[in-house]
Amino acid sequence: MKKQKLSKQLRIDLTGYAFILPNVIGMVCFTLLPIIFSLIISFTNWDFTKGIGNWKFIGLQNFIRIWTDDWFTAAIKNSLLYAFITVPLSLAISLVLAVIIDRACHAKTALRLAMFMPYISNVVAISIVWVMMFSPWGPFTRFIQFLGVKNPPQWLADYTWALPSIMFMAVWSGLGYNIMIYTASIQGLPQELYEAADIDGASEARKFFSLTIPLLSPTIFFLVVTGFIGAFQVFGQVQVMTNGGPGTSTSVLVFYIFRSAFTFYKMGYAAAMSWILFAVLFIVTLIQWKGQEKWVGY
């Protein structure tokens, strides 16, 4: 009887393993093995156009040479600037909009859907639209001229304004996702706390800063972590809108990794930069995870 039970349990276990096996195989083949392979080739000077066997191990030279590369230092500076401006700005604006839509707007579902559409739209299509928006005959330039500025900036062609222009587009396109996440949390907040605040005569601003933000702190933390991870991996907008230019003004880290690998054919050098990017993301996420103990309340 015991042997029969063991056999039945074994069949149940094998059935479960059979269901997860395709996913495990996919993860190993398309995630784990490429990660290991990228770590190996980061210690080589491999030019992949010459075949998989034509590589030479050079130790830590790629990781050392990176820090003397002006393109890399510009890319990491732009990535940090992009992440630490777009993420807080997007989260702050979307939180205010989410509260306003939830408390004071009609047609809430239609508004949220309209704001969510850019997030799920093709990044290439959106980028092309924004290239036209920032063009010399586009609405932004026309509006600046209407305000009396005779020589408005060239936006995407201007070394100073190119990255801020992409940041503006990124904040706009990410609002819908943040609003959806905020809305799901706002609708689950305990309303008795707001009723008590109303009885005490608290203003809307006081309720927002003393109730809404503290109660939403776990949601804000989730969006901060995922937002920074996504911001450090920005690529499509830069590739389509500016191709990293003018100069190095919009060359972010992922774009330079791509360019090193598939334009300059320095696959080992690109792999080394990928691991630098991993280290930066790990450190930023670790700092956020440690810092949450001081401001996130569950």
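**Close-up 1. The second largest pocket of this predicted model has a volume of about 450 Å³.** A pocket here is an open set of points on a 1 Å grid over the protein atoms alone, with protein on both sides within 12 Å along at least five of seven lines. Its volume is the space filled by probe spheres set on the points, and lining residues have an atom within 4 Å of a point. There are 16 lining residues, and Ser38, Ile257, Ala271, Ser274 and Trp275 are the closest to the centre. Helices H1 (2–41), H12 (253–262) and H13 (267–295) each give at least two residues to this lining, with the largest share, eight residues, coming from H13. By class, the lining has 13 nonpolar, three polar and no charged residues. Nonpolar covers Ala, Val, Leu, Ile, Met, Phe, Trp, Tyr, Cys and Pro; charged covers Asp, Glu, Lys and Arg; the others, Gly among them, are polar.

This is a predicted model, in which local features need pLDDT of at least 70 and side-chain atom pairs count only at pLDDT 80 or more, while totals for chains, interfaces and linings use all residues. Residues are numbered from 1 along each chain as its sequence is written, and side-chain values use heavy atoms, with hydrogens and water left out.

**Close-up 2. The largest pocket has a volume of about 620 Å³.** Of its 26 lining residues, Tyr119, Ala170, Ser173, Gly174 and Gly230 lie nearest the centre. Helix H7 (162–186) is one of the elements that give two or more residues to the lining, and its seven residues are the largest share. The classes here are 15 nonpolar, eleven polar and no charged residues.

**Close-up 3. Helices H8 (residues 191–199) and H9 (residues 204–215) pack at about 170 degrees, their axes 11 Å apart.** The pair is therefore roughly antiparallel (angles over 145 degrees). Leu193, Tyr194, Ala197 and Asp198 of H8 make the contact with Lys207, Leu211, Thr212 and Leu215 of H9 (heavy atoms within 4.5 Å). Five nonpolar, one polar and two charged residues take part.

Close-up 4. Most residues other than glycine have a negative phi, and most peptide bonds are trans.

Terms used
Axes fitted to C-alpha atoms, helices over the stretch in contact; angles between N-to-C directions. Helix = DSSP H or I, 4+ residues; strand = E, 2+ residues; numbered from the N terminus. Parallel < 35°, antiparallel > 145°, perpendicular 65-115°, else oblique. 1 Å grid on protein atoms, 1.4 Å probe; cavity = no way out; pocket = protein on both sides within 12 Å on 5 of 7 lines; lining within 4 Å.
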